Amino acid sequence: MQPALSIKNLRKTYDDQFEALKGIDLDVAKGDFFALLGPNGAGKSTTIGIICSLVRKTEGLVTIFGHDIDKDFSAAKQFVGVVPQEFNFNQFEKPIDILIAQAGYYGIKADIARQRAEKYLRQLGLWDRRNEISRTLSGGMKRRLMIARALIHEPQLLVLDEPTAGVDIELRRSMWEFLKQINDQGTTIILTTHYLEEAESLCRNIAIIDHGIIVKNTSMKVLLKQLDRETFVLDVREELTESPMLESYPVTLVDGHSLEVDVARGQSINEIFIELSGLNIHVISMRSKANRLEELFFDMVEKNLIDVDRGQDDE
Amino acid sequence: MNNSQKWIAFDTIVRREIRRFLRIWPQTLVPPIITIVLYFVIFGQLIGSRIGTMSGLPYIQFVAPGLIMMSVITNSYSNVVSSFFGSKFQRNIEELLVSPTPNWIILLGYVAGGMSRGLGVGLIVTVLSLYFADFSIHSLPVTIAIVLMTSLMFSLAGLINAIFAANFDDISIIPTFVLTPLTYLGGVFYSIELLGEFWRNLSMINPVLYMVNAFRYGIAGISDINIVWAFSMVGLFSVLLFFLALRLLENGSRLRS
């Protein structure tokens with residue numbers, strides 16, 4: 001099946017000779033919910049900028065639903081909606097005017113544009129604020145306005161560059177629900193985010209980019225299976241002065257009432273409670289120390305950093 | 001995009017531009033009107049009455065076409081330069097750049113917006129000038145044609161300035177150090193016949209001179225310049241600026257990384 005997005009040997013070197021992308025290949029299937037993760041400066045925003053033609057590529061081929069962004073840019077652009085990282089709308093205009101103007105840039109008639117604007121402003125909880133100057137909207141509202149604007153021409157590929165940055169957790173979760181709905185209706189979504197929990201709960205496939213190269217491109221399930229250990233934090237009733245010795249698990253004392261226990265993949269956690277009970281230590285609560293994806297992400301980026309450093313040393 | 005969609009995109013840009021300058025009318029419409037009224041009062045009535053005639057016309061009738069043209073020039077230019085640069089500064093120009101709207105439609109849309117303000121202010125100033133000076137139209141086609149071409153040319157120039165501009169200083173440098181001297185030395189207030197040969201020849205490279213004189217011919221029937229030559233020069237400058245602006249948009253100069 002034709003991918004929603006296909007990237008071949010994509011390179012970008014900026015005028016200051018900074019090589020942001022070093023020949024990446026990436027395919028995103030139609031209907032996918034895809035995460036593009038990476039640390040700051042890894043090349044995520046450059047990749048997105050090229051997809052939506054705000055950044056000029058140095059080399060490579062990008063096709064959107066089979067349309068080359070160079071040779072068939074008009075058709076390619078009709079398929080893409082983009083929600084950038086920074087607010088990029090006229091802050092002195094009203095949300096309703098911003099949406100109707102954006103529809104006009106895609107050649108959509110005014111009556112259809114008004115219907116769609118109402119639909120998306122209502123869905124994103126902005127309808128009551130449609131006639132207020134956009135500058136007066138809260139940060140979360142501005143982000144939702146950019147999502148509504150990106151959807152106004154009903155694109156088949158929606159690209160979101162850190163859409164929930166600076167958004168409170170309640171609003172973030174409502175945005176997740178909205179994006180899941182859009183995806184369920186058939187829109188392919190590419191998401192970059194710093195909230196790895198967000199990627200883990202929303203995305204089916206993932207690529208990790210670092211120093212302009214893709215260090216991992218696989219499904220979320222396969223990636224999470226690579227996790228070989230998980231750390232749990234146990235809160236205990238008793239006051240502890242030193243770390244208890246458990247036979248099968250490394251344990252670290254965090255403070256007088258908290259322990260960290262490392263559990264290998266496939267290892268049962270029942271034994272932890274049995275062994276602690278034998279030492280008269282009672283667990284009152286338990287949680288995973290970190291997001292699982294976060295652990296993998298750091299491992300991969302760290303490994304890539306070592307490889308990059310080694311490569312530089314070799315030169 | 002088919003032709004109908006292109007028309008919708010063009011219409012959207014023009015309407016947005018008109019809405020913008022009407023929304024901020026105290027900044028866009030009132031100042032040029034006050035300025036031009038002051039010119040009429042000071043140069044036309046107070047000083048003009050002591051000057052007598054210029055090229056056979058009462059001084060106020062001589063300067064009126066130049067003052068109208070001056071308002072068309074400055075408003076066409078400043079509308080496009082401030083709107084386009086404002087869009088760059090706020091980054092909402094990206095709304096257009098990510099869309100399938102062709103660059104030539106973006107160019108025409110902004111230019112039409114600039115012309116709307118330039119011609120609108122020009123019309124208001126013309127109506128006001130009737131209070132200060134009696135004049136009739138010598139040639140309506142010449143008057144309309146030259147005012148349209150002038151507005152077009154300076155809207156294009158404003159767009160080019162905005163594309164190159166990296167900060168707010170850059171959008172005031174050209175109007176202050178280039179546009180204003182060209183306008184003041186473009187025969188608005190005097191006939192170039194008053195100048196010595198060197199300065200008269202130097203004035204001939206000033207495009208504003210051709211516009212002001214062609215417009216004065218359209219209204220009063222007198223000109224220091226051959227009208228055909230004036231139209232040719234303005235047409236040539238407009239074509240050059242159009243293709244330069246289009247090339248800059250196509251290259252994404254200072255718009256795309």
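Please bear in mind throughout that the model is predicted.

I shall begin with the overall form of chain B. Its C-alpha atoms occupy a box of roughly 60 × 35 × 35 Å along the principal axes. How does the radius of gyration of chain B relate to that of a compact globule? For 257 residues, a compact globule would have a value near 18 Å, and chain B, at 19 Å, therefore agrees with that expectation. As to burial, 50% of the 257 residues of chain B count as buried.

Next, the secondary structure. Chain B contains eleven helices and two strands.

I come now to the contact between the chains. Chain A contributes 25 residues and chain B contributes 21 residues. Which helices of chain A each supply at least two residues of the side that touches chain B? They are helix H2, spanning 73-79, and helix H3, spanning 95-105. The largest share of that side, four residues, is provided by H3(A). In terms of residue class, the side of chain A that touches chain B comprises eleven nonpolar, ten polar and four charged residues.

Terms used:
Residues numbered from 1 in each chain as written. Chains lettered and ligands numbered in written order. Predicted model: local features only at pLDDT ≥ 70, side-chain atom pairs only at ≥ 80, totals over all residues. Contact = placed C-beta atoms within 7 Å. Nonpolar A, V, L, I, M, F, W, Y, C, P; charged D, E, K, R; others polar. Rg over C-alpha atoms; globule rule 2.2 N^0.38 Å. Buried ≥ 20, exposed ≤ 12 C-beta atoms within 10 Å, placed from the backbone.
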